[in-house]
Amino acid sequence: MPLTIQHKQSTDETLSLALEGALDSDTAPELDAELTKYIEQTTKIVAFNMAGVTFISSAGLRIIFKTLKLMKSRGGQVSVTQMSKGVRKVFEIVKVMPDLTVFESQSEMDEYLAEIQRQANQQTER
Amino acid sequence: MIISVSPDGPVSNLVTKVSEELRDQCIGPEIANDCYVIIDEFHANMREHVAPGLDGFKWTLSVVAEKQGVVMTFDYPGPCFDPTQNSDIAYQPIESRRTGGLGLLIMASLSDDISYSYHNGINTLVVRRYKTEIDISQEDNPCL
C-alpha cells in the first residue's frame with residue numbers, strides 16, 4: 001500500500017503532515033525525503049496526523065526517531081495524533097510514547113499548534 | 001498459501017497477497033496489520049542483512065489462517081542464526097540499541113509465539129499470532 005503525505009499547515013516553527021497508507025520499508029524513505037525537504041532551520045515542531053496509517057514497522061519508526069532527535073536538539077518536539085490501536089501498540093513496544101506529544105484528535109493538535117504559534121509571535125513582537 | 005520472495009522486491013506486493021488470503025480466511029484487521037508489520041520486519045532484514053552479495057537469493061513465506069489465529073513460517077537458506085537467542089529481541093533503550101535490532105523486538109512483541117529450527121541449511125522461523133477474546137469479539141466476519 002503506498003504512502004500519501006499531505007501537508008496540512010506549516011509556519012516558521014511548525015510542520016504538519018497527514019499520513020495515509022503503510023509506513024513500512026517501502027515507504028519510509030519517501031517520508032524521510034519529504035521531511036528532509038520541508039524541515040527548515042527554524043522548524044521546532046513536526047506534527048504527524050496518523051489517522052490514515054494502516055500499520056507502521058521499524059523502518060517507519062526510525063524516521064520518527066530521527067525527526068524526534070532533531071527536534072529535541074532544537075528544544076522542540078514531535079507530536080502525533082489519531083493513531084490507530086495497532087500503530088499505538090508499535091509505539092508502545094519501543095517505549096517512545098513519553099517522548100512524543102500525543103493528541104487524540106486533529107482539533108486538539110491544531111489548537112496546540114496555534115497556541116505555540118501565538119507564543120512565537122508574541123516573542124517576536126517583544 | 002506459500003510465496004517465494006525476492007528480497008529486492010517491494011514489501012507491498014507481498015502484503016497485498018497476504019491480505020487477500022487473510023481476508024478470505026476471515027481474519028480481522030487488527031491481527032492482519034500485526035502480520036503485515038512482522039512480514040515487513042522479516043523482509044527488511046533479509047534485504048539488508050542476509051541477501052546482499054547472494055545472487056538469486058529467495059526466501060519463502062507460508063501463511064496459514066487457523067481457527068486460533070495465523071501461523072506464518074519464514075524459511076531462508078544460509079548459516080544457522082537463531083534470532084530467538086539474540087539480545088535484540090529484548091527491550092533496550094533507543095539510545096543504546098544497535099541499528100537494525102528494532103525489528104526483532106517488534107516481531108517478538110507482536111507475536112504470541114516464535115520458534116526457530118535449522119535443517120539442511122535452511123533457517124525456519126515460525127511466528128504465531130493468536131486471536132484473543134477481544135480480536136474475536138471485534139471481528140467483522142464477512143464469512144458469516
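**Chain A overall, then helix H1 of chain B**

Buried residues make up 36% of the 126 residues in chain A. Keep in mind that this is a predicted model.

Chain A first. It has four helices and five strands. Along the sequence they run β-β-α-β-α-β-α-β-α. The radius of gyration of chain A is 14 Å, close to the 14 Å from the globule rule for 126 residues, so chain A is as compact as a globular protein of that length. Its C-alpha trace spans about 45 × 25 × 25 Å along the principal axes. Now the contacts. Take those in chain A with a separation of 6 or more: 71% of them join residues 24 or more positions apart.

On to chain B, and helix H1, residues 11-24. How far apart are its end C-alpha atoms? They are 20 Å apart. At 1.5 Å a residue, 14 residues should span 20 Å, so the two agree.

Which residues of H1(B) are buried? B:Val11, B:Leu14, B:Val15, B:Val18 and B:Leu22. Down the helix axis, the buried residues of H1(B) fall within an arc of 95°, so they line one face. An α-helix has 3.6 residues a turn, so residues three or four places apart point the same way.

What does that buried side pack against? In chain B, strand S1 (2-5), helix H2 (29-50), strand S2 (59-65) and strand S3 (69-77). Turned away from the buried side are the exposed residues B:Thr16, B:Glu20 and B:Asp24.

One last stop, just after H1(B): B:Cys26 takes a positive phi of about 65°.

Key. Residues are numbered from 1 along each chain as its sequence is written. Chains are lettered from A and ligands numbered from 1 in the order in which they are written. This is a predicted model: local features need pLDDT of at least 70, side-chain atom pairs count only at pLDDT 80 or more; totals for chains, interfaces and linings use all residues. Helices (H or I, at least four residues) and strands (E, at least two) are DSSP runs, numbered from the N terminus. The expected span of a helix is 1.5 Å times one less than its number of residues. A residue is buried if 20 or more other C-beta atoms lie within 10 Å of its own, exposed if 12 or fewer, and partly exposed in between; C-beta atoms are placed from the backbone. The arc is that of the directions from the helix axis to the C-beta atoms. Two residues are in contact if their C-beta atoms, placed from the backbone, lie within 7 Å. The radius of gyration is taken over C-alpha atoms; the globule rule is 2.2 Å times the number of residues to the power 0.38.
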